[in-house]
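Let's walk through this structure together, one chain and one contact surface at a time. Keep the 3D view open beside the text as you read.

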Amino acid sequence: MNWGEFFAMKGYGLYVWGSFGVALLIFIVEIALVRHRRAIALQQLRLLRDAGEEE
Amino acid sequence: MSPMSVSLISGNKNGLSLFGLLSLVIRRDMVLAMRRRADVLTTLIFFVMVVSLFPLGVGPELDMLRKMAPGVVWVAALLASMLSLGRLFSADYLDGTLEQMMLAPQSLSVLVLGKILAHWMVSGLPLVLMAPVLGLQFDMSAQALWVLIAGLLLGTPILSMIGAVGAALTLGLRGGGVLVSLLVLPLCIPVLIFGAGAVEAVSTGMSVASQLSLLGALLVLAMVFTPWVTAQALRISME
Amino acid sequence: MVPWFAWLSAVLFAVGLYISFFVAPMDAQQSEAYRIMFIHVPASILSMFIYLIMAGYAALGLIFNTRLSSMMASALAPTGALFAFLSLWTGALWGKPMWGAWWVWDARLTSELILLFLYLGFIALHASIDDPRRADRAAALLAIVGSVNVPIIYFSVKWWNTLHQGSTIKFTGTSMHVAMQQGMYTMLLACWLYAIAVTLTRVRSIILERERNAQWVLELSEAK
């Protein structure tokens, strides 16, 4: 089986890869959002602590 | 604050029975609603307008309209009952009556049930009475009209009760009106299905009783649980 | 603990995808299109279980007033909503070649859509209340009411669907090949671990955001 045949999925390529592609996209976006949120939270903490030390 | 609510709150009617309390709350809310009749009318006019828009949207063929009628009337009733939900608790919340009610020795669930019933009489019952007239616009048969009325009589109180939970949860929030619809509409789907299904059963010659009895069962369920849930939601919102 | 779940999930995804595409044989009736099942079924299962778990945590938070369980509930909601959406999306892409329509008003599809609405309602209510304690409690009550309603909605929709004959779709319950089963369970497990990893990371952020004034948070090594 060559790769062209594999991606064609017997004519169902659009549906199969549309499903898995969007799944991958959603996972990546969610992971990015979650990491971003954590980074923001940590950054806020750092700002808060630095402000506290200066006082 | 009306004199009736003063007597309710100070609890000077000692030995007030459950039904006495219930009727007191209903009477009070009805009096308040009658002083602002415009609010009641707006809901009714909205209902009539939405239903009348459908034939303009899909065309005047009577066959199609007859088929659509139950769904259209029910969806319009659903939307109209969402519209009036904001008024259920907001006035009492703003003038502090609600807080007094919570401190009252009487059960908050019963007070809430009274408020819901009063709200239904003001906003739900007019829809039920108006529905047959609108049904005629859609060329519904006499039998179908009776079933429509019966279904709405059983169903609209459920909508008010489920809606009360949403109204209590969103009390005092900005943008509460849209939020209430978002929360409550998915929960109302069974009512819509059975209500519209009953009318449709008439035209297909199936038994109407099963659908109406399911609606009745939902009504009993809602009557038992939603006042209590609403009371809990109010406590959360008022903290 | 999060990296463990994340890495295990990634490995299982790799294995699961390999089985799904290279080991599992072609289905006789549905040709290659059935391979959507390997992502569709886990997404549907997770969207339902996450709702139950969310409602359970929410109830715990409401009854015992434990803050962590409320935070868990609000951390689970976005992941659950995404899985519900994914389930609908892949279902549509599976339905088009198999049934000839992107969407049919089947009981399962409709219930899944309503589940998505319930998730969105939970998130919207939580987001629109500024006080986090009130938001937790109000959203918890909504989640519980929703979970009581889900079976009622499911049966009413199912009943409604049988009433409207013509759109009844039966999922072909043919016996699955062993490799298909293995692929599906691997993918399911991978999705579970993914959901756990993402939720735990999110709940850690929520804790940091809410407890930013507590001393122990400031002493965290990561914050330095």
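Helices (H or I, at least four residues) and strands (E, at least two) are DSSP runs, numbered from the N terminus. On that basis chain C has seven helices and zero strands, and along the sequence its pattern reads α-α-α-α-α-α-α. Chain A comes to two helices and zero strands.

A word on conventions before we go further. This is a predicted model, in which local features need pLDDT of at least 70, side-chain atom pairs count only at pLDDT 80 or more, and totals for chains, interfaces and linings use all residues. Residues are numbered from 1 along each chain as its sequence is written, while chains are lettered from A and ligands numbered from 1 in the order in which they are written.

How confident is the predictor? The model scores ipTM 0.77 and pTM 0.82. For individual residues there is pLDDT, the predictor's confidence in each residue, from 0 to 100. Chain C has a mean pLDDT of 79, with 83% of its residues reaching 70 or more. Within chain C, confidence is highest in H2(C), at a mean of 88, and lowest in helix H7 (residues 215-218), at 66. Over residues 165-170 of chain C the pLDDT is below 50, and this stretch has seven contacts in the model beyond near neighbours in sequence.

In chain C, 79% of the contacts with a separation of 6 or more are between residues 24 or more positions apart. Burial is counted with C-beta atoms placed from the backbone too: a residue is buried if 20 or more other C-beta atoms lie within 10 Å of its own, exposed if 12 or fewer, and partly exposed in between. By this count, 44% of the 224 residues in chain C are buried. For chain A the figure is 15% of 55 residues.

Now to the places where chains meet. Chain C puts 22 residues in contact with 20 residues of chain B. On the chain C side, the elements that give two or more residues are helix H4 (107-128) and helix H5 (132-163), and H5(C) supplies the largest share, 13 residues. For residue classes, Ala, Val, Leu, Ile, Met, Phe, Trp, Tyr, Cys and Pro count as nonpolar, Asp, Glu, Lys and Arg as charged, and the others, Gly among them, as polar. The side of chain C that touches chain B then has 16 nonpolar, four polar and two charged residues. Elsewhere, 24 residues of chain A are in contact with 29 residues of chain C, and that side of chain A divides into 15 nonpolar, three polar and six charged residues.

A nonpolar core is a set of buried Ala, Val, Leu, Ile, Met, Phe, Trp, Tyr and Cys residues joined through C-beta atoms within 7 Å. The largest one here has 141 residues, and those with the most contacts inside it are Val73(B), Cys188(B), Met54(C), Leu141(C) and Leu142(C). H8(B) gives the most to this core, with 15 residues.

The expected span of a helix is 1.5 Å times one less than its number of residues. For the 16 residues of H10(B) (189-204) that gives 22 Å, in agreement with the 22 Å between its end C-alpha atoms. H10(B) has a kink of about 30 degrees centred on Ala198(B), where the bend is the angle between axes fitted to the seven residues ending at a residue and the seven starting there. Because 14 of its 16 residues are buried, H10(B) is largely enclosed by the rest of the structure. Just after H10(B), Gly205(B) takes a positive phi of about 75 degrees. The 30 residues of H11(B) (209-238) should span 44 Å, and the 42 Å between the end C-alpha atoms agrees. H11(B) bends by about 35 degrees at Phe225(B), with Pro227(B) following within four residues.

Finally, look at two loops. Most residues other than glycine have a negative phi. Asn65(C), not a glycine, has a positive phi of about 60 degrees and lies in the loop between H2(C) (37-64) and H3(C) (67-99). With 12 C-beta neighbours inside 10 Å, Asn65(C) counts as exposed. Asp139(B) also has a positive phi of about 60 degrees without being a glycine, and its place is in the loop between H7(B) (108-137) and H8(B) (142-169).

Note on methods:
Contact = placed C-beta atoms within 7 Å.
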